[in-house]
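Hi,

Here is the structure I promised to pass on. Have a look at it first, and then read my notes below.

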Amino acid sequence: MLLRLAIIPFAALLGLSSPLPAAADTRVDEIDALRLAGDYEPAIERTLAELEADPANAVLLNLLGELRLETGALDAAATRFDAARQLPAPNPVQLLATLNRAEVHHQRGELAAAEALWREILAARATRDALGARDLYALAGATRQLGRGDPALFQDAVWLYDQAARKDPALVDAGIALGELLLEKYNNREAQAAFSEVLEVDDDHPRALLGLARSQHFDYSAEAVATTLTALVHNPNLAPARVFLARLFIELEQYEDARNEAMLALSTNPASLPALTLLGVLAHLEQDTGAFDRTEAEVLALNPRYAGFYATLADLAAQNRLYEDAAGFAWQAVELDQQSWRAWGLLGLNRLRLGQMEAGRADLERSFAGDPYNVWIKNTLQLADTFADYVSSEREQFRVVLHGDEDRLLRDQVHALAAAAWRDLARRYDHRPRWQVRIEFYPEHDDFSVRSVGLAGVGLLGVAFGPVVAMDSPAARPLGSFNWGSTLWHELAHVFHLSMTRNRVPRWFTEGLAVHEERRARPGWGADVDPGFLLAYLDGRLLPVSRLNNGFVRPTYDEQVIHSYFQASLVFEFVESRWGFDVIREALAAFRDSPDPDAVLPRLLGLDSAALDAAFDAWLRDRYAAALAALSAPSLPGTPPRPADPNAAVSPDSAQPDKYFDQLKVGQQLLEQGQLEAAEQYLLRAQQLFPEFAGDGSSYQLLARMYLQQERHAEAEAQLAKLVAINGESYGAQLELARLRDRRGAGEAAAAALEAALYIYPYEAEPWADLARLYRARADWPQVARVRRALLALDPVDRAEAHFQLADAYWRAGDRSSAREQILYSLEIAPNYVSAQELLLALVDGTPSSEAQ
């Protein structure tokens, strides 16, 4: 269900024939101008002065109440709202003042009193002949609040806000509130349109700019920070904008900046529950229990029913990977307010992240019953409906959950690789996580995306919550774009990092270290350098280590997240090569209890942040010195290098011998023209200039193709071997390498290439069949049996033969029971299959497999 603008029958209950708004009161306009600029004290003083001359002016009384409310003086605000709403008719702000008075009750946790006033406003619709724009706005606000108990009312509130804005375009509060409600109910497209309409009327309206920033944040746009800062230029005392900026800084793990913004919000509004809540979040993230307890007590003293404190803690704890804490806080929220549908949803999502599948689903169903507009909850419940199609298997510390269509094919591979990763990482980190780990593979990427963040279309490959790992299966990605083995190793590395730190590890640290572990695990696994990364470095777009987290959380250019993963992995290559791996283990242990995660690594390395940034930059320049020179544009002596244009035209006459793109592109041109001998020289020179790159269009790929065309098999094999040692996602290269090795009788090396290919794409029968043949030639019968099980899972045309071959492998491996089971399956399909009959007789007679020919 999507909350959207619509004409609904509720309109028939309202008189919409009221006259246009009365002529503007210049006094109110002048006070409002001060308010919009954040000049609250002058605005209050001016309003008080005007009330001395006109003490029964309801508009001024209500305005003064709003100013007091925005600056945290709730008692004074309540007094003014009561005075405004009790003035006799005609009273242009009676309903609005009543809505504001209800808000004071609401902020104090006096929910029954607030609800009584909201219902009083709704009752007014039947007693008035006509409703003005401010009345419609007040009616919309009351309807919106009552929607907590009846979600159908949210649709009414949307329509009422829209009508209020149409009746009086100058009442921008209606358009802003409309956008806020649409955004709250996950209709960001129309929310953004509502904020934009207000900004067309007043392009520097601070609250409209803040609404737009929230909308951008909903879309994961880095523009949210800049838009919030623009709002604060126009009103530096806008407390909600300071609160929102503080939240953005928390997401970036810039805690001191977040604290400063929350304190600035409180300097304007000392009673701001959202600002105090973020101070509580910071205290929790920094493990300052004393500060947390004081903040919690202060919040609950202001509002004993404020479930938003715990719900926000749950939300931001989860964003900082503290999933157990998040579930605990969400539970506290629902204990405080059973109608906190957001908290029920957070509780359910985090229980699912912890592997508590039944309890998590029940919480989500309760959340969705109260708020059927929540797209995250709806998507996750729809995904949960498909869980019956999955099969789980347990071995050692893993429960592997695979779709029924993939279980028989992938089960052995996933368990074997997970166990190997676990053994390797346990030795390396000298640690064993406390969890049994649930590993989920999703053959549809959108299903995995919903499992990880609640929305489809997120560009992740896998996610680790600690006790749960979820990831794409190889079927979810285009062939050649994904190595599922490398991804699984990466996510299991995260499990160790989360366990060692109690989930308190910076995003850049755990991501970079996990990619570093991938590269250790197998040749070609993990991210590798490409021209785009080094061009970004030359262009000054890569972030220093001290700000690397920003590249993951709020990227500013398209490739920045990918570049940040690789850059972060290089930080660990740098650290381990210079200080050893022990310092990395020490850092993980230190994160567990550190109030300042950013200081941990510099302290252990004996450097401050600036020195670490400089040292890594120097190492990076040295590590890729030749490639950087080859990728830079020609420049005058003494000027800094700048990136070359990869799209610049080049010919054999203009190509420079020390420039990578020139050599590569001319080599490609000559290759296409059939001038193979000349092409080879240019491509070999390109490879010499930038040997670390083996992606699509690389010299390795082009030379291997040319050598195969010329039947220069040894040289083709050498190029392919170098390619796959760098690029672990080239399925075709692994198969061709296996073929060339098999051709010259290197069966063991050929099998290794085929095994590597199956971590990229396991759905073609031919590589499995070749692997079975190679293992059979070595009489490695357990491996033959494993491969034959996979071939059977691929649903071959001749299933009788497939069962027979698997039975034969089991028999030769000494597993007579499994052999008998498979041979019976074969004979059930083909009763007259002679070879199967003979094998069954051998099994019955007890003939040793060693006597088989």
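Before the pockets and cavities, here is how they were found: on a 1 Å grid over the protein atoms alone, a pocket is an open set of points with protein on both sides within 12 Å along at least five of seven lines, while a cavity is a set of points where a 1.4 Å probe fits but cannot get out. Lining residues have an atom within 4 Å of a point. Points are joined across faces, edges and corners, and a volume is the space filled by probe spheres set on them.

Keep in mind that this is a predicted model: local features need pLDDT of at least 70, side-chain atom pairs count only at pLDDT 80 or more, and totals for chains, interfaces and linings use all residues. Residues are numbered from 1 along each chain as its sequence is written, and side-chain values use heavy atoms, with hydrogens and water left out.

First, the whole chain. It has 43 helices and five strands (DSSP runs numbered from the N terminus: H or I of at least four residues for helices, E of at least two for strands). Its C-alpha atoms fill a box of roughly 110 × 80 × 50 Å along the principal axes. Of the 853 residues, 57% are buried, meaning under 20% relative accessible area with a 1.4 Å probe, protein chains only. Among contacts (heavy atoms within 4.5 Å) with a separation of 6 or more, 61% join residues 24 or more positions apart.

Now the spaces. The second largest pocket holds about 430 Å³. It is lined by 26 residues, and Glu253, Ser546, Pro597, Asp598 and Ser609 are the closest to its centre. Helix 14 (255-268), helix 25 (507-521), helix 27 (548-553), helix 30 (600-605) and helix 31 (609-623) each give two or more residues to that lining. By type, the lining has 13 nonpolar, five polar and eight charged residues; here Ala, Val, Leu, Ile, Met, Phe, Trp, Tyr, Cys and Pro count as nonpolar, Asp, Glu, Lys and Arg as charged, and the others, Gly among them, as polar.

There are three cavities of 30 Å³ or more. The largest has a volume of about 140 Å³, and of its 14 lining residues Tyr255, Leu285, Arg504, Val505 and Pro597 lie nearest its centre. The second largest cavity comes to about 60 Å³. Helix 23 (445-453) and helix 19 each give two or more residues to its lining, with helix 23 supplying the largest share, four residues.

Asn350 is buried, with a relative accessible area of 0%. Its side chain makes a polar contact with the side chain of Arg353 (3.1 Å), and Arg353 is one of the residues that line the second largest cavity. Leaving aside neighbours within four places in sequence, Asn350 touches Ala318, Tyr323, Ala326 and Ala327. A polar contact is a pair of N or O atoms within 3.5 Å; within protein, one must be able to donate a hydrogen and the other to accept it, and residues adjacent in sequence count only if both atoms are side-chain atoms.

Last, helix 33 (residues 660-672). Ten of its 13 residues are buried, so the rest of the structure largely encloses it. The cover over those buried residues includes helix 26 (531-538) and helix 34 (676-689). Just after helix 33, Gly674 has a positive phi of about 85 degrees.

Cheers

Note on methods. Buried means under 20% relative accessible area, exposed over 50%, partly exposed in between (1.4 Å probe, protein chains only).
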